[in-house]
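Please keep the sequence and the model in view while reading.

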Amino acid sequence: MLGICRGRRKFLAASLTVLFVPAITWIYLFAGSFEDGKPVSLSPLESQPHSPRYTASSLRDRESLEVRMREVEEENRVLRKQLSLAQSRSPSHHRGNHSKTYSMEEGTGDSESLRAGIVAGNSSECGQQPAVEKCETIHVAIVCAGYNASRDVVTLVKSVLFHRRNPLHFHLIADAIAKQILATLFQTWMVPAVRIDFYDADELKSEVSWIPNKHYSGIYGLMKLVLTKTLPSNLERVIVLDTDITFATDIAELWAVFHKFKGQQVLGLVENQSDWYLGNLWKNHRPWPALGRGYNTGVILLLLDKLRKMKWEQMWRLTAERELMSMLSTSLADQDIFNAVIKQNPFLVYQLPCFWNVQLSDHTRSEQCYRDVSDLKVIHWNSPKKLRVKNKHVEFFRNLYLTFLEYDGNLLRRELFGCPSEADVNSENLQKQLSELDEDDLCYEFRRERFTVHRTHLYFLHYEYEPASDNTDVTLVAQLSMDRLQMLEAICKHWEGPISLALYLSDAEAQQFLRYAQGSEVLMSRHNVGYHIVYKEGQFYPVNLLRNVAMKHISTPYMFLSDIDFLPMYGLYEYLRKSVTQLDLANTKKALIVPAFETLRYRLSFPKSKAELLSMLDMGTLFTFRYHVWTKGHAPTNFAKWRTATTPYRVEWEADFEPYVVVRKDCPEYDRRFVGFGWNKVAHIMELDAQEYEFTVLPNAYMIHMPHAPSFDITKFRSNKQYRICLKTLKEEFQQDMSRHYGFAALKYLTAENNS
């Protein structure tokens with residue numbers, strides 16, 4: 001008896017510890033968020049480098065705060081595990097679950113289970129906590145369609161990856177746009193122990209298109225209804241998430257709740273946290289039938305195998321058909337139909353604790369479901385207002401969301417300890433290539449950059465363009481970093497055709513770019529500009545990788561290979577389309593040269609014609625490009641001849657030639673070994689010449705380079721001797737590769753280099 005009392009005292013002490021430590025933790029973190037008596041803001045505007053309040057110390061404070069949060073979460077996890085072990089060791093819990101686990105579900109179940117637990121007192125059931133095995137795969141399904149939803153999915157996935165300790169299998173029901181974006185993203189992200197499968201959302205449209213829906217999610221908001229039919233037949237259970245979800249805990253804790261389902265419970269849902277289904281929000285408000293307040297479908301636990309046996313497809317269809325006879329359409333998409341089914345069959349649902357889906361919608365009552373924000377596990381931005389929704393703790397929620405929005409995704413590439421990843425061909429090939437490099441080589445970092453896989457998010461903003469039907473359309477291709485962002489509006493004003501841009505940014509810079517673009521009337525009015533984010537990694541600017549990314553994702557038969565610092569002449573787009581036809585570019589291997597000029601003036605009255613440009617050349621307002629520092633780069637264009645030319649003329653390749661050209665989309669890619677400054681365009685033009693492209697100068701086309709501060713890479717080139725030595729080595733290796741590939745014809749490149 002005395003032993004039992006001691007055991008109970010230990011159990012009580014451990015329980016108090018678990019309750020007390022999080023409270024002290026959050027008081028400590030709250031106090032730590034103050035500096036000199038003032039709260040430290042984590043708003044996106046103040047985190048920008050150009051903000052007056054932005055300092056290195058505030059960034060370090062934020063990072064240290066995140067580290068402390070992770071440490072505290074780990075300590076709490078250990079305490080919870082010790083508590084569960086203490087419970088299982090007590091005499092009344094000998095039959096507890098002793099499998100290898102790390103995550104335990106702490107929440108309450110449905111209200112009936114809670115009442116039963118209170119009546120039963122300290123029964124043996126309370127010690128049998130459900131568990132998730134260490135390397136058990138957690139399955140997550142998400143419906144995603146379009147450009148904006150693809151961005152939202154990335155933030156959701158980041159929050160899941162940040163906390164997870166289990167392998168993950170994402171099942172993405174996506175349209176063609178989202179699939180292209182997310183397939184590339186995950187392929188280049190290369191996160192260990194994460195598997196991605198796609199299911200064609202467009203093929204599922206016929207399953208739900210007969211249901212009128214007023215919700216802003218459109219037809220895709222109904223597709224969670226058909227997951228039993230869409231997902232693999234051998235998949236027994238899955239967590240279904242909306243794209244506007246943010247996790248604040250390990251998703252394995254939610255996965256563990258499946259073990260609490262009893263009887264015919266097949267749906268795990270959180271009660272709706274607004275009065276919507278009570279029908280009292282406004283006069284004549286008539287919602288779909290629901291059990292009480294109804295349930296929110298932003299987070300769903302689905303027991304797929306049991307749902308299939310219950311003939312779920314037939315169940316929801318019959319219910320929807322009957323209700324639509326009087327309701328005419330859904331207001332909240334799939335949620336209305338789920339609730340109508342549950343109203344008729346309340347035994348189907350297991351009510352999740354409300355912290356698994358804290359709903360920040362209009363008319364929300366979510367504040368009544370938690371005492372402190374530290375209790376929350378999943379935040380749901382289920383209002384069209386998103387971050388602008390009203391809630392007394394919205395600043396906390398917003399900062400949590402922004403933390404993951406701007407979090408460096410490269411840091412989530414960590415291996416899971418003790419859980420071997422599935423063999424991945426791309427990863428194995430990458431490791432093999434890197435292992436063949438000599439780490440003692442002074443040019444090792446240059447060589448390594450060639451094999452670096454940069455996380456890539458295609459079409460970061462909405463893109464919509466149908467190429468001209470006459471097969472003459474031309475896309476302007478360029479690349480840039482954050483310091484050239486100011487050129488975008490000017491280029492859009494000079495070039496009305498499609499544009500493909502690769503932007504080299506960090507996660508935080510990508511969000512700054514998004515805000516910049518959304519605040520620009522010029523950029524928002526253009527839907528034919530494809531913005532492709534290549535995320536920063538390594539110490540070099542991967543200029544040729546960026547060019548290749550931009551080149552690869554054009555939809556027109558021709559492309560104008562430009563640079564972001566150049567403004568094309570007004571009307572160049574239409575002029576190039578005519579030149580494509582006149583010079584029969586479709587059937588000949590030609591590279592059409594657009595002569596390049598430059599100004600040293602930041603404010604330039606841009607010439608509207610060739611005659612005006614020649615006048616400015618004579619006056620010294622304009623110059624031929626790089627005439628004073630790198631004459632060889634554009635000398636073969638023959639500017640003297642161009643002054644009087646009225647028809648296109650052919651020029652021959654010469655050493656170090658690097659003009660800006662218009663070519664077919666099937667032209668060779670840029671060589672990735674050249675990074676930063678030096679030889680990145682020269683090598684590409686040499687390759688075109690080796691493939692027998694004919695260089696033709698256009699007599700009435702021109703582009704002008706605008707002045708800017710020197711790039712970081714050209715500064716390194718000028719100041720670092722080893723940088724220049726490595727560039728020379730890479731040039732020689734490239735020429736040797738050309739000789740091996742093109743044989744005798746490539747010898748002229750070696751000769752020309754020696755003579756230059």
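Which strands and helix do the buried residues of helix 20 (residues 610-619) pack against? They pack against strand 22 (596-598), strand 23, helix 21 and strand 27 (703-705).

## Basis of the report

The model is predicted, so that local features need pLDDT of at least 70 and side-chain atom pairs count only at pLDDT 80 or more, while totals for chains, interfaces and linings use all residues. Residues are numbered from 1 along each chain as its sequence is written, and side-chain values use heavy atoms, with hydrogens and water left out.

## The chain as a whole

The secondary structure comprises 25 helices and 27 strands; helices (H or I, at least four residues) and strands (E, at least two) are DSSP runs numbered from the N terminus. The chain has 756 residues, of which 53% count as buried. Buried means under 20% relative accessible area, exposed over 50%, and partly exposed in between, with a 1.4 Å probe and protein chains only.

Contact means heavy atoms within 4.5 Å. Among contacts between residues at least 6 apart in sequence, 80% join residues at least 24 apart.

In helix 20, the buried residues are Lys610, Leu613, Leu614, Met616 and Leu617. They lie on the same side of helix 20, because they cover an arc of only 160 degrees around the axis; the arc is that of the directions from the helix axis to the C-beta atoms. An α-helix has 3.6 residues a turn, so residues three or four places apart point the same way.

On the other side of helix 20, Ala611, Asp618 and Met619 are exposed. Gly620 follows helix 20 and has a positive phi, near 85 degrees.

## Helix 15

Helix 15 (residues 487-494) has Met487, Leu488, Ile491, Cys492 and His494 as buried residues. Their arc around the axis is only 165 degrees, which puts them on the same side of helix 15.

The buried residues of helix 15 pack against several elements. These are strand 16 (474-481), strand 17 (499-505), helix 16 (507-518), helix 17 (521-524), strand 18 (529-535) and strand 20 (566-568).

Ser579 is placed in helix 19 (residues 572-582). Ser579 counts as buried because its relative accessibility is 3%. Leaving aside neighbours within four places in sequence, Ser579 is in contact with Leu592 and Leu698.

Tyr573 also lies in helix 19, and its 5% relative accessibility makes Tyr573 count as buried. Not counting residues up to four places away in sequence, Tyr573 touches Tyr465, Asp473, Val474, Trp495, Glu496, Gly497 and Pro498. Tyr573 and Trp495 are 78 residues apart in sequence, and 6.2 Å apart in space from C-alpha to C-alpha.

## Helix pairs

Helix 4 (residues 146-163) packs with helix 5 at an angle of about 35 degrees, and their axes are 9 Å apart. Axes are lines fitted to C-alpha atoms, for helices over the stretch in contact, and angles run from 0 to 180 degrees between N-to-C directions. The contact joins Gly146, Tyr147, Ser150, Val153, Val154, Val157, Lys158 and Leu161 of helix 4 to Ile177, Ala178, Ile181, Leu182, Leu185, Phe186 and Trp189 of helix 5. By class, this contact of helix 4 with helix 5 has twelve nonpolar, two polar and one charged residues. Ala, Val, Leu, Ile, Met, Phe, Trp, Tyr, Cys and Pro count as nonpolar, Asp, Glu, Lys and Arg as charged, and the others, Gly among them, as polar.

Helix 22 (residues 680-690) and helix 24 (residues 721-742) pack at an angle of about 15 degrees, with axes 12 Å apart. Helix 22 is therefore roughly parallel to helix 24, a term for angles under 35 degrees. In this pair, Ala683, Met686, Glu687 and Ala690 of helix 22 meet Phe734, Met738 and Tyr742 of helix 24. The classes in this contact of helix 22 with helix 24 are six nonpolar, no polar and one charged residues.

Ala193 is a residue other than glycine with a positive phi, near 60 degrees. Ala193 is found in the loop between helix 5 (176-189) and strand 7 (194-200), and counts as buried because its relative accessibility is 14%.

Arg626 is not a glycine either, and has a positive phi of about 60 degrees. The loop that holds Arg626 runs between strand 23 (623-624) and helix 21 (639-644). Arg626 counts as partly exposed because its relative accessibility is 25%.

Technical notes:
Angles under 35 degrees count as roughly parallel, over 145 as roughly antiparallel, 65 to 115 as roughly perpendicular and the rest as oblique.
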